[in-house]
Amino acid sequence: MINSKLPQVGTTIFTVMSKLAADNKAINLSQGFPGFDCYPYLQDLVSEYLRKGFNQYAPMSGVEDLKNRLAEKTKILYDIQLNAEEEITVVSGATEALYAAVTAVVRNGDEVILLEPAYDSYAPAVVLNGGVPVYVSLNLPDFSVDWGKVKAAITDKTRLIMVNTPHNPCGYVWTQEDLNTLAELIKDREIYVVSDEVYEHITFDGKKHLSLMTHSLLRERTFVCCSFGKTFHITGWKLGYCLAPKDLTSEFRKIHQFLTFSSCTPMQYALAEYMTEPSRYIYLNEFYQKKRDLFCEGLKNTPFKFTPAQGSFFQLVSYGHLSEESDYELAVRLTKEIGVASIPVSVFYHDQKDHKMLRFCFAKDEEVLEQALGLLSRPLF
Ligand SMILES: Cc1ncc(COP(=O)(O)O)c(C=O)c1O
């Protein structure tokens, strides 16, 4: 028997709920992936590059054209000119970017501040590198950052803070004040930041995503981790990228080259060509705003309480005013009895704190959302 390095980790809730949804023929609003396909033109481009023979290893840090397109995107969105050769690395999904960034900075005994609820890959990445997760809860009910608590959690051992904006599962989008406060807290210490920005193009009601790289001090300390999967409806391609200053990128690449070395070649060429038209990523806010609005409008006919998400493609709902049932039990019961699968928010807390909330993914076709809302309007409690 192997003495497990991750004894607490079992099958993730996303796998459990997706299987439960399939077994019960329920509508799957649990796992975070689009229920629709990517654009045919992008598929055509992949076929074209496959046939043209772009089928061997890509350069370790990514195909040059794709890195150039990402540099262009950063210039368009944030007016920041990155050096594509030295500050941008293409990797196999944001999950790899997060792991490589954590591995680059965390040593045995280092403390890493995680803001909870937190995406499930953060803590294992820290633990596998000998780090110690230090959990700080986000404020209820809006899931803003409690900066007093973050300040109190910082010690001489703190090496890294992991943040996520727009946030999964809560949809909170960081403000300029959040960026300024974080910078103030770390400026005189050797603390790095991993910023998970996979939902960078999905914000609502005119709210702007503020990448941590837009703050001059944070930019020097931050690994910005992103995903092509969420932006172009291609989560199955597992492609992402990391933006970081030269010295951080150089350490990041040392890890990346021994984790995967490089990522899928024809897909990188296809994305590079697809991204020559910036509207293909800029339009995403509007695209998802319609879905969020439709979902929230329908939720008004259900017994749930909710505040519309500011970003990401998830909507939280709460039911504590109606029932004492645990969120896990309710998620399972709704899947089996009502036919709609969701994720209990307690799974995003290390101690399974139950705030009586569920997370629904609204990255689905409108008919699917309407059908799910119809089912959720039935008596649930
Ligand atoms: C917050 C967050 N970070 C990272 C990821 C992983 O992204 P990728 O599929 O590119 O590895 C996800 C996917 O659900 C996510 O929601």
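This is a predicted model: local features need pLDDT of at least 70, side-chain atom pairs count only at pLDDT 80 or more; totals for chains, interfaces and linings use all residues.
## Ligand surroundings

Thr95 places a polar side-chain atom 2.5 Å from an oxygen atom of the ligand, and Lys230 has one at 2.6 Å from a ligand oxygen atom. The side chain of Asp196 has an N or O atom 2.6 Å from a nitrogen atom of the ligand.

## Basis of the values

Residue numbers start from 1 along each chain as its sequence is written. Local features need pLDDT of at least 70 and side-chain atom pairs count only at pLDDT 80 or more, whereas totals for chains, interfaces and linings use all residues; side-chain values use heavy atoms, with hydrogens and water left out.

## Helix packing

Helices (H or I, at least four residues) and strands (E, at least two) are DSSP runs numbered from the N terminus. Axes are lines fitted to C-alpha atoms, for helices over the stretch in contact, and angles run from 0 to 180 degrees between N-to-C directions. Angles under 35 degrees count as roughly parallel, over 145 as roughly antiparallel, 65 to 115 as roughly perpendicular and the rest as oblique. A crossing is right-handed if the near helix is turned clockwise from the far one by less than a right angle, and left-handed if anticlockwise.

Helix H5 (residues 94-105) and helix H11 (residues 246-259) have axes that come within 8 Å and cross at roughly 125 degrees, which means that H5 is oblique to H11. The crossing is right-handed. Contact, defined by heavy atoms within 4.5 Å, involves Glu96, Ala97, Tyr99, Ala100, Ala101, Thr103 and Ala104 of H5 together with Glu251, Phe252, Ile255, His256 and Leu259 of H11. By class, these are eight nonpolar, two polar and two charged residues, where Ala, Val, Leu, Ile, Met, Phe, Trp, Tyr, Cys and Pro count as nonpolar, Asp, Glu, Lys and Arg as charged, and the others, Gly among them, as polar.

Ile13, Val16, Met17, Leu20 and Ala21 in H1 meet Tyr328, Ala331, Val332, Thr335 and Lys336 in H15, a contact of eight nonpolar residues, one polar and one charged.

Helix H14 (residues 284-299) packs with helix H16 (residues 366-376) at an angle of about 15 degrees, their axes being 10 Å apart, so H14 is roughly parallel to H16. This crossing is right-handed. From H14, Lys291, Leu294, Phe295, Gly298 and Leu299 take part, and from H16, Glu366, Leu369, Glu370 and Leu373. The contact has five nonpolar, one polar and three charged residues.

## Backbone exceptions

Most residues other than glycine have a negative phi, and most peptide bonds are trans. A cis peptide bond joins Leu140 to Pro141, with omega about 5 degrees; Pro141 is in the loop between strand S4 (132-137) and helix H7 (147-153). The bond from Asn168 to Pro169 is also cis, with omega near 15 degrees, and Pro169 lies in the loop between strand S5 (158-164) and helix H8 (176-186).

In the loop between strand S11 (343-344) and strand S12 (357-361) lies Gln352, a non-glycine residue with a positive phi of about 50 degrees. Lys356 is found in the loop between S11 and S12 and has a positive phi of about 55 degrees, although not a glycine.

Methods. A polar contact is a pair of N or O atoms within 3.5 Å; within protein, one must be able to donate a hydrogen and the other to accept it, and residues adjacent in sequence count only if both atoms are side-chain atoms.
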